[in-house]
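The following exercises ask the reader to work through a protein model one step at a time. Each task is followed by a worked solution.

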Amino acid sequence: MLLGGGVAMTVWAGDLAPPTGPVVLTVSGSLERTNARHQASFDRQMLAQLPQSSVTTLTPWTERPHRYQGVLLTDLLRHLGASGSRVKAIALNDYFTHLDLSELSRFPLLLATRVNGREMRIRDKGPIWLILPLSDFPELDQPSFHEKMIWQLRRLELLP
């Protein structure tokens, strides 16, 4: 299985458990692990059980750097046995952006569910905000990458 720039990904065996709480993220497309018809739905607890990472960065929408915590997009896609070269990321208000996985593969794209140790709420750009490490990679601090930092993320669709 290939994801993005020809990087081989390994997969955990077995089906994905169904969410027990409110669904905060749905992933669809070419997935080896699902818990619904052709998709994987996640509640907060399920996302928290995946490997966690953090990024401390300033964004165009914040006055100072914050510490964002959550699961890396690559870890989530690897966990699902996903394949595709692009992802359509869709927000609660139907705003969407496309992520070219080969272009972004050298950067840690974080699906942040916590900021400064606190769970992100919808009014705080949550429950999930796609964070790029702008402070660590100055080349990302430009409008074309800012528009990829979608907040209130609710869906990811894998595309060929």
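**Exercise 1.** Does lysine 125 count as buried, partly exposed or exposed, and why?

*Solution.* The model is a predicted one.
Step 1. The relative accessibility of lysine 125 is 23%.
Step 2. Buried requires a value under 20%, and exposed a value over 50%.
Step 3. At 23%, lysine 125 therefore counts as partly exposed.

**Exercise 2.** Describe the loop between E10 and E11, beginning with the place of lysine 125.

*Solution.* 
Step 1. Lysine 125 is located in the loop between E10 and E11.
Step 2. Its phi is near 75 degrees, which is a positive value in a residue other than glycine. As a general rule, most residues other than glycine have a negative phi, and most peptide bonds are trans.
Step 3. Glycine 126 and proline 127 are joined by a cis peptide bond, with omega about 10 degrees. Proline 127 is found in the loop between strand E10 (118–119) and E11.

**Exercise 3.** Over which rings does the charged end of lysine 125 sit?

*Solution.* 
Step 1. The charged end of lysine 125 sits over the ring of tryptophan 129, at 5.8 Å from its centre.
Step 2. The charged end of lysine 125 also sits over the ring of tryptophan 151, at 4.6 Å from its centre.
Step 3. Both tryptophans belong to a cluster: ring pairs link Trp61, Tyr68, Trp129 and Trp151.

**Exercise 4.** Give the count of aromatic pairs, and explain why the pair of phenylalanine 107 and phenylalanine 137 is classed as it is.

*Solution.* 
Step 1. The count is 5 aromatic pairs.
Step 2. In the pair of phenylalanine 107 and phenylalanine 137, the ring centres are 5.0 Å apart and the planes stand at 80 degrees. A plane angle over 60 degrees counts as edge-to-face, so this pair, with its planes at 80 degrees, is edge-to-face.
Step 3. The two residues are 30 residues apart, and the pair links distant parts of the chain. Phenylalanine 107 is in the loop between helix H3 (101–104) and strand E9 (110–115), whereas phenylalanine 137 is in the loop between strand E11 (129–131) and helix H4 (143–146).
Step 4. With 6% relative accessibility, phenylalanine 107 counts as buried; with 24%, phenylalanine 137 counts as partly exposed.

**Exercise 5.** In what order do the 5 strands of the open sheet lie, and which are the edge strands?

*Solution.* 
Step 1. The order is E4-E3-E12-E7-E8, with mixed pairing.
Step 2. Strand E4 (39–42) and strand E8 (96–100) are the edge strands, each pairing on one side only.
Step 3. On average, neighbouring strands of this sheet are turned by 15 degrees against each other, direction ignored.

**Exercise 6.** Trace the pairing of strand E7 with E8 and the direction of the side chains along E8.

*Solution.* 
Step 1. Strand E7 (residues 86–91) pairs with E8 in the antiparallel sense over 5 bridges.
Step 2. At 49% relative accessibility, aspartate 94 counts as partly exposed.

Terms used. Residues are numbered from 1 along each chain as its sequence is written. This is a predicted model: local features need pLDDT of at least 70, side-chain atom pairs count only at pLDDT 80 or more; totals for chains, interfaces and linings use all residues. Side-chain values use heavy atoms; hydrogens and water are left out. Rings of Phe, Tyr and Trp (its six-membered ring) pair if their centres lie within 6.5 Å; planes under 30 degrees apart count as stacked, over 60 as edge-to-face and the rest as tilted. Helices (H or I, at least four residues) and strands (E, at least two) are DSSP runs, numbered from the N terminus. Buried means under 20% relative accessible area, exposed over 50%, partly exposed in between (1.4 Å probe, protein chains only). A charge sits over a ring if NZ of Lys or CZ of Arg is within 6 Å of the ring centre and within 35 degrees of the ring normal. Two strands pair if DSSP finds at least two bridges between them. Axes are lines fitted to C-alpha atoms, for helices over the stretch in contact, and angles run from 0 to 180 degrees between N-to-C directions.
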